[in-house]
Amino acid sequence: MSIRVGIVGISGFGGGEALRLIASHPSFELVYAAGESSAGSRLVDRFPGVPGKLAELVIEKWDPATLPKLDVLFASLPTGASAEALARVPKDVKIVDIGGDHRYVEGWAYGLADIWPAQIKGQTRIANPGCFPAATLIALAPLLADGLIEPGNIVIDVKTGISGAGRGGDSMFGYAESNENLIPYGLLNHVHMPEIAKTIERLSGGNAAGLVFTPHLVPMTRGILATIYCRGRATTDQCLDAARRFYAGRSFVRVTAKPPQTKWATGSNLAFVSYGADPERNLVIAMGVVDNLGKGAAGQAVQNANLICGLPETTGLDGAPVWP
């Protein structure tokens with residue numbers, strides 16, 4: 001079974017990771033690649049290690065009016081750059097938007113694949129979660145669903161690798177400024193705040209008022225570690241048990257009794273969650289780890305595409321993480 005797919009924004013980190021996964025996917029055939037600065041180049045010019053079957057594919061300038069016949073389109077564009085253009089993609093082309101323009105937008109399913117797979121199957125428009133929400137919400141979901149924590153006044157402290165910012169952006173994401181450095185950013189009004197708050201409320205049925213979210217840039221290429229402070233009287237064992245039940249039978253979420261590390265997920269679509277709790281202090285600490293380009297972007301996008309195409313969601317994604 002050959003499913004014809006395309007990637008928009010292929011020269012960025014998210015698009016490049018989607019290319020890596022699709023190149024070895026047994027059911028997806030990459031027939032279209034689009035970009036801006038890379039338009040006119042062959043894939044092999046941009047990605048020298050690309051498989052020979054894809055080497056001569058020419059990167060085109062992104063224009064929805066000139067799309068070839070596609071089954072699925074992956075869009076990996078900066079926030080604000082995809083809404084208008086993707087509205088002009090034919091309705092019979094399924095879209096997975098890795099960017100941020102369609103999260104909790106009417107007509108688009110929110111693609112938190114490990115939590116709501118049944119609500120993704122059969123859809124044609126999927127909004128991939130952001131990388132920070134992926135790490136955070138996968139850890140919080142079992143606790144919120146079981147009422148083990150309060151949905152309000154949650155404090156999220158996240159550390160992310162530099163590739164999470166994409167290939168462009170501020171100079172602080174360059175080597176000279178980020179190496180041997182630790183940088184907080186996006187204080188109080190980060191773009192992922194509304195997405196996280198809405199999902200907390202959706203999972204709990206409560207109010208996410210008082211949510212605090214602070215990301216920090218750390219000098220590593222990949223990985224996200226979310227440490228989340230919550231109010232609740234649960235014990236550590238109760239939290240772990242809730243997560244094991246919630247993710248029973250799910251292929252990509254691993255519940256671990258010891259605090260997770262970012263390298264555990266490198267190059268994979270895995271998510272690791274763990275918990276520590278002190279009922280006497282009304283405190284629960286949830287931890288979530290993902291690869292920001294894997295589960296945080298292209299890995300989850302392929303998982304969502306598998307779901308909407310009627311494939312096993314693990315198809316093309318069951319490789320082991322890179323270690324060390």
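A residue is termed buried under 20% relative accessible area, exposed over 50%, and partly exposed in between (1.4 Å probe, protein chains only). By this scale Asp 45 is partly exposed, with a relative accessible area of 45%.

This is a predicted model in which local features need pLDDT of at least 70 and side-chain atom pairs count only at pLDDT 80 or more, while totals for chains, interfaces and linings use all residues. Residues are numbered from 1 along each chain as its sequence is written, and side-chain values use heavy atoms, with hydrogens and water left out.

A salt bridge is defined as a side-chain nitrogen of Lys or Arg within 4 Å of a carboxyl oxygen of Asp or Glu. The whole structure contains 14 salt bridges, including those tabulated here.

| Glu 17 | Arg 222 | 2.7 Å |

Glu 17 pairs with Arg 222 in a salt bridge. This pair links distant parts of the chain, 205 residues apart: Glu 17 lies in helix H1 (residues 13-23), and Arg 222 in the loop between strand E10 (212-217) and strand E11 (224-230). Helices (H or I, at least four residues) and strands (E, at least two) are DSSP runs numbered from the N terminus. Glu 17 is buried at 4% relative accessibility, whereas Arg 222 is partly exposed at 22%.

Asp 241 is partly exposed at 37%, as is Arg 244 at 40%. Elsewhere, salt bridges with shared partners join Glu 17, Arg 20, Arg 222 and Asp 291 into one network.
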